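Visitor: I have a model open on my screen and I keep meeting words for how its parts are arranged. Could you walk me through where those words come from?

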Amino acid sequence: MTDSLFPEPGNYDAFLGTLKQRIRTAQVRAALAVNQELVLLYWQIGREILQRQQEEGWGTKVIEHLAKDLKREFPEIKGFSRTNLLYMRAFAEAYPNESFVHQLGGQIPWRHNCVLLDRVKVPEQRVWYIQQTIQNGWSRAILEMQIESRLYERQGSAVTNFSQTLPKPQSDLAQQLIKDPYNFDFLTLGKEAQERDLERALVERIRDFLLELGAGFSFVGSQYPLEVSGQEYRLDLLFYHLTLRCFVIIDLKMVEFQPEFSGKMNFYVSAVNAILRHPDDQPTIGIILCKSKNKTIAELALQGMTQPIGVSTHKIRQDVPEQLKSILPTVKQLEMELDTAAAELEKQKQGKLETGEPFHTT
């Protein structure tokens, strides 16, 4: 098949007539299910193009010709550009079964599907992102961000003891809840930052933090106090997960995971279960978030724990490198330069006014 191949006029006219009728029928039904009907229509157009190119050897130039004819016939309808027709063809090729459109593809906006065709090449991963989009109501920008952060690979990959400490299906759901690593690129912290600095920054950017944690997390508090036998202990971060119906404790570390961290978290989880957990709540979960971890050490440290605990890592965008700081102006230097420029501008303005010349700021 080459670009020079084009269908016979009679064949093309019949094909175009079929598509016109299909589009008009879809317009009538669109009021009932706008997005799903649109995506289904696009899939059907893509399938027709694909079949004719495969069976009759039509070249790719037919798509450009088709785009012009459809836009001429339906000038009020957007979406019949050459680029979008190519997406329709790719969509039909990626998902050959119409049932997919009804069950998944038609449940998200068309542009979301285009993003997935462009950015995700593995079919299983596309399906997963579609399911997550439906479940969490992701906008296209959020979907792109999640793909960029490789959420599929990070989800459910933390070291945990959930299979030994939680009943099914709670253990499976909890495992999928935790990522590794957590992407905190929305923060900028220096190399000398401590746990308290990280905690404070996450609380200040709580909306971004909740988005990275995933759907279902509800923030309870930071440095949450617990009193046990007259002694006060404070939890770095405490959440309640609305789907799992349980408390989730997050302990922040700016160092590599150490075995003693798990013993401390085991105590915290036990204390929350004893003090805060309602009889209807599921068992509390603890998450230890470290700068790095050795998988073997983490697995061995969790083997003796009786409470459900996960060990994961976080990735934080570092501050400006030291070698760049020496050549970049400081905030004070910038302020001084701005003040100097403003003073010079005012001086020029006064001079122009005195001489009667026009003054322009650009």
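Guide: Gladly, and please keep in mind that this is a predicted model. Let's start with a pair of helices: α6 passes α8 in a right-handed crossing.

Visitor: Why is α6 called roughly parallel to α8?

Guide: The axes of α6, residues 110–119, and α8, residues 140–148, cross at roughly 20°. Angles under 35 degrees count as roughly parallel, so α6 is roughly parallel to α8. Their axes also come within 10 Å.

Visitor: Which residues in α6 and α8 meet?

Guide: On the α6 side they are R111, H112, V115, L116 and R119. Their partners in α8 are R140, L143, E144, I147 and E148. Sorted by class, this contact has five charged residues, four nonpolar and one polar.

Visitor: Now K71, please. What makes K71 partly exposed?

Guide: The relative accessible area of K71 is 43%. Buried means under 20% and exposed means over 50%, with partly exposed in between, so K71 is partly exposed. K71 sits in helix α3, and among its contacts beyond four places in sequence are F80 and S81. K71 and S81 are 10 residues apart along the chain, with 7.6 Å between their C-alpha atoms.

Visitor: And S149: how do you know whether S149 counts as buried or exposed?

Guide: S149 has 12% relative accessibility. The limit for buried is under 20%, so S149 counts as buried. You will find S149 in the loop between α8 and α9; leaving aside residues up to four places away in sequence, S149 touches R154 and N183.

Visitor: Let's turn to the nonpolar core. Which residues touch the most other members of the largest one?

Guide: That core has 42 residues, and I45, L66, L85, F91 and Y129 touch the most other members. Each helix from α1 to α8 supplies at least two residues of this core, and α2 gives the largest share, seven residues.

Visitor: What does I45 touch, not counting residues up to four places away in sequence?

Guide: I45 touches L19, I23, F80, L85 and M88. Another core, of 30 residues, lies apart, and its members include A201, L213, F217 and L252.

Notes
Residues are numbered from 1 along each chain as its sequence is written. This is a predicted model: local features need pLDDT of at least 70, side-chain atom pairs count only at pLDDT 80 or more; totals for chains, interfaces and linings use all residues. Side-chain values use heavy atoms; hydrogens and water are left out. Axes are lines fitted to C-alpha atoms, for helices over the stretch in contact, and angles run from 0 to 180 degrees between N-to-C directions. Helices (H or I, at least four residues) and strands (E, at least two) are DSSP runs, numbered from the N terminus. Angles under 35 degrees count as roughly parallel, over 145 as roughly antiparallel, 65 to 115 as roughly perpendicular and the rest as oblique. A crossing is left-handed if the near helix is turned anticlockwise from the far one by less than a right angle, and right-handed if clockwise. Contact means heavy atoms within 4.5 Å. Ala, Val, Leu, Ile, Met, Phe, Trp, Tyr, Cys and Pro count as nonpolar, Asp, Glu, Lys and Arg as charged, and the others, Gly among them, as polar. A nonpolar core is a set of buried Ala, Val, Leu, Ile, Met, Phe, Trp, Tyr and Cys residues joined through side-chain atoms within 4.5 Å. Buried means under 20% relative accessible area, exposed over 50%, partly exposed in between (1.4 Å probe, protein chains only).
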